[in-house]
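This report concerns contacts between side chains. Please consult the sequence and the three-dimensional view as you read.

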Amino acid sequence: MKINQAIEIVEPHLTKKRFEHTLRVADTAVDLAEKYNASKEKANLAAVFHDYCKYLPLPEMERWIKNSILPKDLLLYHHELWHGPVASLLIEREHGINDLDIKQAIYYHTTGRANMTKLEMIIFLADYIEPGRSFPGVEEVREWAEKDLIQACRMASRNTIQYLMSKNATIYPDTFYAYNDLTKRLDGGNK
Ligand code: DGI
Ligand code: FE
Ligand code: FE
């Protein structure tokens with residue numbers, strides 16, 4: 001699919017702010033793909049669709065999870081976790097995007113997971129560091145993104161877990177698996 005076609009599909013599903021976020025994620029993802037030798041086309045397309053389902057009504061997302069191969073335990077966690085997996089399903093059904101790399105990058109963009117591919121890390125990180133973000137600690141992650149993709153993802157994952165724990169939120173297993181795996185990849189972890 002051509003990128004302009006993807007943008008036209010996605011725009012009406014998003015608020016203006018979310019659409020602008022999406023375009024910044026796409027720019028950031030293309031830069032990261034360039035830096036880390038991944039497909040810029042795939043990074044661009046995955047980024048444009050990553051929040052495609054962000055505003056789908058909750059009962060509709062719930063229905064998709066119940067009536068598809070998506071894991072049912074998603075329903076036991078915060079609904080913020082649903083839009084990536086549901087989007088990975090709907091972009092194929094509605095728009096014929098069946099590239100597994102792209103679908104997985106969209107699927108896991110919120111939580112990450114163990115053994116993330118390069119494209120998954122690029123979308124996960126681009127979503128976190130796009131220039132509109134102002135989380136505490138984001139500047140340090142931006143600096144790491146210049147030199148070490150895994151370290152940058154690990155910092156983003158760690159910050160997200162710390163933030164969620166400070167709110168007493170529950171944390172989806174893949175969120176922890178991402179952090180543990182990225183940590184082990186770097187230094188074997190501290191056990
Ligand atoms: O869709 P975006 O707002 O661009 O960003 P996102 O999809 O990365 O994240 C949406 C929210 O999900 C963000 O506030 C962090 C949160 N989140 C990530 N992992 C978990 C989580 N929330 C809960 N409750 N549990 C998680 O494991
Ligand atoms: Fe998202
Ligand atoms: Fe996003």
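Is Tyr77 buried, partly exposed or exposed? In this predicted model, Tyr77 has a relative accessible area of 24%. Because buried means under 20% and exposed means over 50%, Tyr77 is partly exposed.

**Aromatic contacts**

The whole structure contains four aromatic pairs. In one of them, the ring centres of Phe49 and Tyr52 are 5.6 Å apart and the planes stand at 90°, so the arrangement is edge-to-face. Both Phe49 and Tyr52 are buried. Tyr77 and Tyr172 also form an edge-to-face pair, with 5.0 Å between centres and 90° between planes. Tyr77 belongs to the loop between helix H4 and helix H5, and Tyr172 to the loop between helix H9 and helix H10, so the pair ties together parts that are 95 residues apart in sequence. Tyr172 is buried, at 7% relative accessible area. A further ring contact involves Trp144: the charged end of Lys147 sits over its ring, 4.7 Å from the centre.

**Salt bridges**

There are 14 salt bridges in the structure, including those in the table.

| Pair | N to O distance |
|---|---|
| Asp99 and Lys42 | 3.0 Å |
| Lys54 and Glu80 | 2.8 Å |
| Asp181 and Arg185 | 3.2 Å |

Asp181 and Arg185 are separated by about one helical turn, because they are four residues apart in helix H10. Asp181 is buried, with a relative accessible area of 14%, whereas Arg185 is partly exposed, at 35%. Elsewhere, salt bridges with shared partners join Lys42, Asp99 and Asp101 into one network.

Conventions:
Residues numbered from 1 in each chain as written. Chains lettered and ligands numbered in written order. Predicted model: local features only at pLDDT ≥ 70, side-chain atom pairs only at ≥ 80, totals over all residues. Heavy atoms only, no water. Phe/Tyr/Trp six-rings, centres within 6.5 Å; stacked < 30°, edge-to-face > 60°. Buried < 20%, exposed > 50% of the residue type's maximum accessible area, 1.4 Å probe, protein only. Helix = DSSP H or I, 4+ residues; strand = E, 2+ residues; numbered from the N terminus. Lys NZ or Arg CZ within 6 Å of the ring centre and 35° of its normal. Salt bridge = Lys/Arg side-chain N within 4 Å of Asp/Glu carboxyl O.
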